[in-house]
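Welcome! Please take a look at the structure below, and then let us walk through its contacts, cores, spaces and charged pairs together.

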Amino acid sequence: MLYNSTLNKEKKVASAQAIAQGIADDGGLFVPEVFPEISDNEMKELLNGDYKSRAKLIFGKYLTDFTSDEIDECVEKAYTAEKFESENPAPLHRCTYNGNEINVLELWHGPTSAFKDMALQILPHLLTKSLKKTYDGKEAVILVATSGDTGKAALEGFKDVDGTKIIVFYPESGVSPMQKHQMCTQEGKNVCVCAIKGNFDDAQTGVKTIFTDDNMKDKLAQNNMLFSSANSINWGRLLPQIVYYFSAYCEFVKSGRINLGDKVNITVPTGNFGNILASYYAYRMGLPVNKFICASNSNDVLTEFINTGVYNKNRDFYTTTSPSMDILVSSNLERFLYHITDSDDRLVKEWMTSLKKNGNYDVGCDIREKIGNLFYGGSCDDNATKTTIAELYKEDNYLCDTHTAVAINVYNQYVSDTNDKTPCILASTASPYKFCKTVLSACAPEINADSDEFAMTELLNKVTDVKIPQPIAELKGKEKRFDNSIEKSDMADFILKSLGVSII
């Protein structure tokens, strides 16, 4: 199995190289040269296995330069009951909203109470093994831009991992108080956190630019270091996410409510397009999917793109109650465009150049029609998000976070528009306790939701009797370690200073 750059398919590397490097030298993203198929016998094997065995089978399809023992070790260390509350880190919960049955894939039972744990608990193991295969002796500097959840999950995953340092940038006013507190209190000798005066797109653009800056790469090389990534631009981040869609389907079949081979709809709240892209990759491997429902908040650039074929980031940016989706440049869409155009790197490069220069591109009628056959795009503003949280709790006694509420609302729009009742798996990406203010005010509007974050946590527990996740409960009283805030133009200098590397 080899991996191409989305901007030049003649560039081919093995998986270890793709994971260690993070991003291609030309700024493109690594994608699998072909999609491996899951045979009928393998699908039965997945059905009869547990989460770990499912992960091992799927990883083995893509990581052909890893031994089976290496894959086993990575999986066994990552998905423990100690880290994820049970042997199944991604349980499926059946609930009802507006009369529509939804099977909620709970991806937030890990150490940071967000779906990013599903990938970022295994990425450090994949990366350290990849580094030994490709850059033995070099220290990896992990650069991360976060809209909220990736930062904490990456910090926790890479905490005190030998041979790595990690630097996380987040938008100063673009994460929830709980997300900020999680990052700024992070333990570990090799971690660093910094706010930037801008939004997530500024942080993400800054990181991608630094990755391809020859001067920065040379400075690191002189100090026996190299850049790598823990964002979903890294193939090692995206690959683990494929697993939980197969696992959810298997659990659905085992529940007796669908038969093996039946199609499902998949609904995902997404800003950077990585989580929904992983479900598309599962589909390309053989997972029976009828429709992908892409849910956006008020930053509805993806909704417009799916419906019109025009991607246009030249629009107002909104700071919403679902901050992990406050994104106008969806990096992983580049990968999808590469696949939907049958690996036309010339076209993808043309569109990405136009996005960089003009802030937009148009894929044309034929590609738009191909996308529309697979995807439905919808959006949901903050008021509708809050209403959905309240109605779901009232109707089914199920408490969800703001991002999950966006997905539920958009799924409801889809059913209303199409009357398609194909069984649905819906990705739930965070614990409601990470967004206490909005969730509390939705469920108990009579309560003042402007108090201290931890006081609101306790109030939400009192009102709903939903258990506070241990990782969040343990944050109370934890000492703040990081309070850096810089201009986005100063990111490169900040990185060098943090690493003790000369700026001159």
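## Around Phe375

Which residues does Phe375 touch, not counting residues up to four places away in sequence? The partners are Phe273, Ile276, Tyr280, Lys291, Phe292, Cys294, Ile306 and Phe336, where contact means heavy atoms within 4.5 Å. This is a predicted model, in which local features need pLDDT of at least 70 and side-chain atom pairs count only at pLDDT 80 or more, while totals for chains, interfaces and linings use all residues. Residues are numbered from 1 along each chain as its sequence is written, and side-chain values use heavy atoms, with hydrogens and water left out.

## The nonpolar cores

In soluble globular proteins, nonpolar side chains tend to be buried together. A nonpolar core here is a set of buried Ala, Val, Leu, Ile, Met, Phe, Trp, Tyr and Cys residues joined through side-chain atoms within 4.5 Å; buried means under 20% relative accessible area, exposed over 50%, and partly exposed in between (1.4 Å probe, protein chains only).

The largest nonpolar core has 112 residues, and Phe375 is among those with the most contacts inside it, along with Ile242, Tyr245, Phe246, Leu337 and Tyr361. Helix α12 provides the largest share of this core, 13 residues. Another core lies apart from it and has 41 residues, including Tyr414, Leu426, Cys436 and Ile472. Helices (H or I, at least four residues) and strands (E, at least two) are DSSP runs, numbered from the N terminus.

Rolling a probe the size of a water molecule over the atoms shows where empty space is left. On a 1 Å grid over the protein atoms alone, a cavity is a set of points where a 1.4 Å probe fits but cannot get out, a pocket is an open set with protein on both sides within 12 Å along at least five of seven lines, and lining residues have an atom within 4 Å of a point. Grid points are joined across faces, edges and corners, and a volume is the space filled by probe spheres set on the points.

How many cavities of 30 Å³ or more does the whole structure hold? The search finds 2. The largest cavity has a volume of about 220 Å³, and of its 23 lining residues, Phe115, Lys116, Gly271, Asn272 and Ser324 are the closest to the centre. Helices α12 and α13 (274-285) each supply at least two residues of this lining. By class, the lining has 7 nonpolar, 14 polar and 2 charged residues (Ala, Val, Leu, Ile, Met, Phe, Trp, Tyr, Cys and Pro count as nonpolar, Asp, Glu, Lys and Arg as charged, and the others, Gly among them, as polar).

The second largest cavity holds about 50 Å³ of space. Its lining is made up of Ala145, Gln204, Val207, Lys208, Asn231, Ile233 and Asn272, and α10 gives the most to it, with 3 residues.

The largest pocket contains about 640 Å³ of space. Lined by 23 residues, this pocket has Gly27, Lys208, Glu334, Met352 and Lys356 closest to its centre. Helices α10 (200-211), α15 (333-340) and α16 (345-358) are the elements that give two or more residues to the lining, which divides into 8 nonpolar, 8 polar and 7 charged residues.

The second largest pocket has a volume of about 460 Å³. Pro111, Glu156, Gln470, Pro471 and Glu474 are the closest to its centre, out of 19 lining residues. Helix α5 gives the most to this lining, with 3 residues, and the classes are 4 nonpolar, 5 polar and 10 charged.

## Charged pairs

Side chains of opposite charge can pair when their charged atoms come close. A salt bridge is a side-chain nitrogen of Lys or Arg within 4 Å of a carboxyl oxygen of Asp or Glu, and the whole structure has 22 of them. In one, Lys56 pairs with Glu76, with the closest N and O atoms 2.7 Å apart. Lys56 lies in helix α3 (residues 51-62) and Glu76 in helix α4 (residues 68-78), so the pair ties together parts 20 residues apart in sequence. Lys56 is partly exposed, at 23% relative accessible area, and Glu76 is partly exposed too, at 36%.

Lys133 and Glu70 form another salt bridge, with 3.0 Å between the closest N and O atoms.
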